[in-house]
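Dear colleague,

I am handing over the structure below, and my notes on it follow. Please read them with the model open beside you.

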Amino acid sequence: MNLEIKAVAAAIFLGDKVLAVKRPENPEGILSGLWGLPALEISHTEDERIGIKRIGVEKLGALVEPKKRLGELQGERVSVTLTLALWECSIQGDPHFDRRQPTSQTSTKYDEWQWKDPEELIPAARRDSLCSQLALKYLSINYLDPIQIQPTSFDVDPTEAFGC
């Protein structure tokens, strides 16, 4: 039986740009060095809106407020079933990584952030990043390779399973 993990991701828009975070380089990570959306694992009893606020404090060092739930996607990983909810959010000011207050040592610490064109999430979506796939689907942007019928699941370390 697979371990079931819940996660939330924040889609923060500024005009036609989205706040993207760069995952750290990690030779074992399939999303290593790619741009995605800030996300984190939540407990099965934690309200998604509280999880979104934690993204602000723990991942971005800024106040983030959930506005609207955009969707949910489930993906299978090695011995893990990940269910991720994407929320449109607002942010107060800019992220300040030096103000982050992580509560977990295993939590992904992003290398940098930028306002990006949403199309720049395509490489992560093609590597099975659920938050990137959900954001692109919400924006009606096709991320699939023309020769690819459906996204491919990759074997990943469970600690990478909820990353974006």
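What percentage of the 164 residues of the chain count as buried? The value is 49%, where buried means under 20% relative accessible area, exposed means over 50%, and partly exposed lies in between, with a 1.4 Å probe and protein chains only. Please bear in mind that this is a predicted model, in which local features need pLDDT of at least 70 and side-chain atom pairs count only at pLDDT 80 or more, while totals for chains, interfaces and linings use all residues. Residues are numbered from 1 along each chain as its sequence is written, and side-chain values use heavy atoms, with hydrogens and water left out.

As to the overall layout, the chain has three helices and seven strands, helices (H or I, at least four residues) and strands (E, at least two) being DSSP runs numbered from the N terminus. Their order from the N terminus is β-β-β-β-α-β-β-β-α-α. If contact is taken as heavy atoms within 4.5 Å, then 67% of the contacts in the chain between residues at least 6 apart in sequence join residues at least 24 apart. The chain exposes about 8,300 Å², of which carbon and sulfur atoms supply 50%; these areas come from the Shrake-Rupley method with a 1.4 Å probe, and for residues only the protein chains shown count as cover.

Just after α3, S140 takes a positive phi of about 60 degrees.

The aromatic residues deserve a separate look. The structure holds one aromatic pair: the rings of W113 and W115 have their centres 6.2 Å apart and their planes at 85 degrees, so the pair is edge-to-face. For this term, rings of Phe, Tyr and Trp (its six-membered ring) pair if their centres lie within 6.5 Å, and planes under 30 degrees apart count as stacked, over 60 as edge-to-face and the rest as tilted. W113 is partly exposed at 23% relative accessibility, and W115 is partly exposed at 24%. F13, in strand β1, touches W115 along with V18, E88, C89 and L139, not counting residues up to four places away in sequence. The C-alpha atoms of F13 and W115 are separated by 8.3 Å, although the two residues are 102 residues apart along the chain.

Two charges also sit over rings, in the sense that NZ of Lys or CZ of Arg is within 6 Å of the ring centre and within 35 degrees of the ring normal. R100 lies over the face of F97, at 4.2 Å from the ring centre, and the charged end of K116 sits over the ring of W35, 4.3 Å from its centre.
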